[in-house]
Amino acid sequence: MIARDVTAGAVASGIRSAKRDWSGIAFACVLLAMLLASLGILVALLWDVVKRGAPVLADRGLDFLTAGPSSSVSQAGIGLALAGSLVMMVIVALIAFPIGVGAAIYLEEYARDTWLTRLIAANVRNLAGVPSIVYGILGLVLFVNILNRMINIRDTGSLLSGGLTLAALVLPIVIITTSESLRAVPRSLREAAFGVGATRWEVIRHHVIPAAAPGIVTGTVVSLARAFGETAPLLFVGAVTGFFSTGNATFLEKLLTSGYTALPIQILFWSTVPNPEFKALAAAGIVVMMAILLAVNGVAIWLRNRFERTW
Amino acid sequence: MATGTGIVTAADLRGGSARRRREALIRRAFGLAAGISIVISAVIIVSLIGHAIDFLRQIQLSWLVAEGWFPRRNEFSIPTLAVGSVIVGGIAMLIAAPLGLGSAIYLAEYAKPRQRRALKPIVELLAGLPSIVVGFFALTVISPDVVQRLFSSATFFNLMAAGIGVGILSTPLVATVAEDALRAVPRSLREGAYGLGARRRTTSMRIVVPSATSGIAAALILGLSRAIGETMVVLIVAGGTGGSALTFDPLGPGQTATGAMAALAFGSDQVKGSNAAFASLFFVGLLLFIVTFTLNVTSERYVRRARRHG
């Protein structure tokens, strides 16, 4: 076989030649260059948005963070968008966390290995790979059309529709990360608890969940970060992508009943407005978004390092 | 127990009926939570298929092979979207495959533990980038400063810039899955190779990478699936928001399946209601779902094969 001869040749020259393996070193450098290219892209991206966005943040300061959407460059801000994103994050956390953790507990601790269990597990893995834009269609059908028949807040979708859609989007991620954390808890811990007469729920409640908590919390925070930056599905569930006025409604009314927007949606809109001055606003919005994401992920990593135990 | 005989029976161990009832209730609640994922899938599939059939009823089938994708003019050329998605997905993989696999091989085979701890966050940070941010970067830097500088014939909005942006988003996924596959190759294989006098490159490329072929294939397929499903970069920089003629030119504007769906819901193109343009959203969504589902299932099959042999 040719492959075997090539391998044998490489091995023989490796042993016999005293010279340094320059082609091997070059190969390692190429591999490292691939990794550093990713770093380069990351740095170039951050540099570009900071360069474009910093003047806006410096000039406007707090005003940019609190001002609502406006067609005037000097008055437009991310206030309403930030509030919209935060409300949706609360909805995502309230829905996706209990359901996701519950589902993972069922799959890992209760379910026997039946066809139904395997179907659910395979289904969760596949849902994690469904493009985010398809979740927009789910949201449109389930959380705009059907939800509106029950409680009509706004015909074309409200913050509630947006939050529920994002919750569905990150649910499989919460389930998968929680399952991994539960699986990492050693069997012996459970068996010791069962041995002294604890019921299954008592074992889970007092031993498995505390042991898996750092992983569960980290996974949930990472999913929240993912939901925070997600744009595509919101286009279908009523997030307003144009200039709009909220009149003189109170803040809560604005949030719940009038058109809503979210930080990534606001950034998308500003990026696509032909007027180039809005690009600076988009960049400033991205800087704020990246700062929030970095802080949130930092907290998650800190939690994991602080509380994670290896068994 | 209370009987005082000292003999514990099975009945004692079962606990009180209240305790048992609580156990059953909790079990059912968790089961319900697990069932919700099935409901989500079912709603996605049923609503996609149902509305896609509605769409097909509203149109003449010849509209599906019209000259381009112009939903307002009743031109729903599926080939236009398919070619656009293939071009963007292909360019994305030209970026993501070398960057992702190169990073994976370096992290798994070359980096010492300390170096790995320093370098791995690059991949994780890249994975955390929201697609809207990469879309903005594609618009402000990749298109004018990279694509248009390299190819003077490129228009400002072009499929190439979209493909590069999507490739950046797929890279960390390829890197993570491939690195896991490489690390799963048993140490003994590497030690066998070193024992025979093989150098590190020979060991990596002739022993470890071939053993991890299934996992690497899974990584590339997943990366492609992610690339085809990516929306925001395409919406911002591919230039197909208003529709697009059938084009094979990566340097000109074009439209992908995801971009077409987003454009239908975005800004001035908003075409809500019961018309065919709005309904086409579901038809394209169904095609996208089928393609990505097939890719994901294929990738999972490779992962399972890797696990069996590994």
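## A salt bridge within chain A

D63(A) is partly exposed, with a relative accessibility of 37%. The structure described here is a predicted model. D63(A) forms a salt bridge with R60(A), in which the closest N and O atoms are 2.8 Å apart. R60(A), in turn, is buried, because its relative accessible area of 16% falls under the 20% limit for that class.

## Other salt bridges

Over all chains, the count of salt bridges comes to 19. Side chains of opposite charge can pair when their charged atoms come close.

One of these salt bridges joins E202(A) and R22(B), with the closest N and O atoms 3.2 Å apart. This pair crosses between chains: E202(A) lies in helix 9 (residues 200–229) of chain A, and R22(B) lies in helix 2 (residues 17–58) of chain B. E202(A) is buried, at a relative accessible area of 18%, whereas R22(B) is partly exposed, at 37%.

In chain B, the side chains of E179(B) and R116(B) meet in a salt bridge of 2.9 Å, N to O. Distant parts of the chain are linked in this way, since E179(B) belongs to helix 6 (residues 159–183) and R116(B) to helix 4 (residues 113–127), 63 residues apart. E179(B) is buried, with a relative accessible area of 1%. Through shared partners, salt bridges join R116(B), K120(B), E179(B) and R183(B) into one network.

## A polar contact between the chains

N123(A) is found in helix 5 (residues 115–129) of chain A. This residue is buried, with a relative accessible area of 12%. The side chains of N123(A) and S41(B) are joined by a polar contact of 2.4 Å. Apart from residues up to four places away in sequence, N123(A) touches S37(B), I38(B) and S41(B).

## Nonpolar cores and a buried helix

The largest nonpolar core has 158 residues, and those with the most contacts inside it are Y135(A), L234(A), W270(A), I44(B) and L281(B). Helix 4 (residues 79–110) of chain A supplies the largest share of this core, 14 residues. With neighbours within four places in sequence left aside, I44(B) is in contact with L127(A), V134(A), Y135(A), L138(A) and F289(B). A second, separate core of 28 residues includes A96(B), V177(B), A178(B) and V185(B).

Helix 11 (residues 257–265) of chain B is largely enclosed by the rest of the structure, because nine of its nine residues are buried. Among them are T258(B), G259(B), M261(B) and L264(B).

L36(A), L39(A) and V43(A) make a nonpolar surface patch of about 230 Å². V43(A) lies in helix 2 (residues 22–60) of chain A.

Methods: Residues numbered from 1 in each chain as written. Chains lettered and ligands numbered in written order. Predicted model: local features only at pLDDT ≥ 70, side-chain atom pairs only at ≥ 80, totals over all residues. Heavy atoms only, no water. Patch = residues over 30% accessible without salt bridge, like charges linked within 9 Å, V, L, I, M, F, W, Y side chains within 5 Å. Areas by Shrake-Rupley, 256 points an atom, 1.4 Å probe, with all protein chains shown as cover. Salt bridge = Lys/Arg side-chain N within 4 Å of Asp/Glu carboxyl O. Helix = DSSP H or I, 4+ residues; strand = E, 2+ residues; numbered from the N terminus. Buried < 20%, exposed > 50% of the residue type's maximum accessible area, 1.4 Å probe, protein only. Polar contact = N/O pair within 3.5 Å; in protein donor to acceptor, adjacent residues only side chain to side chain. Contact = heavy atoms within 4.5 Å. Core = buried A, V, L, I, M, F, W, Y, C linked by side-chain atoms within 4.5 Å.
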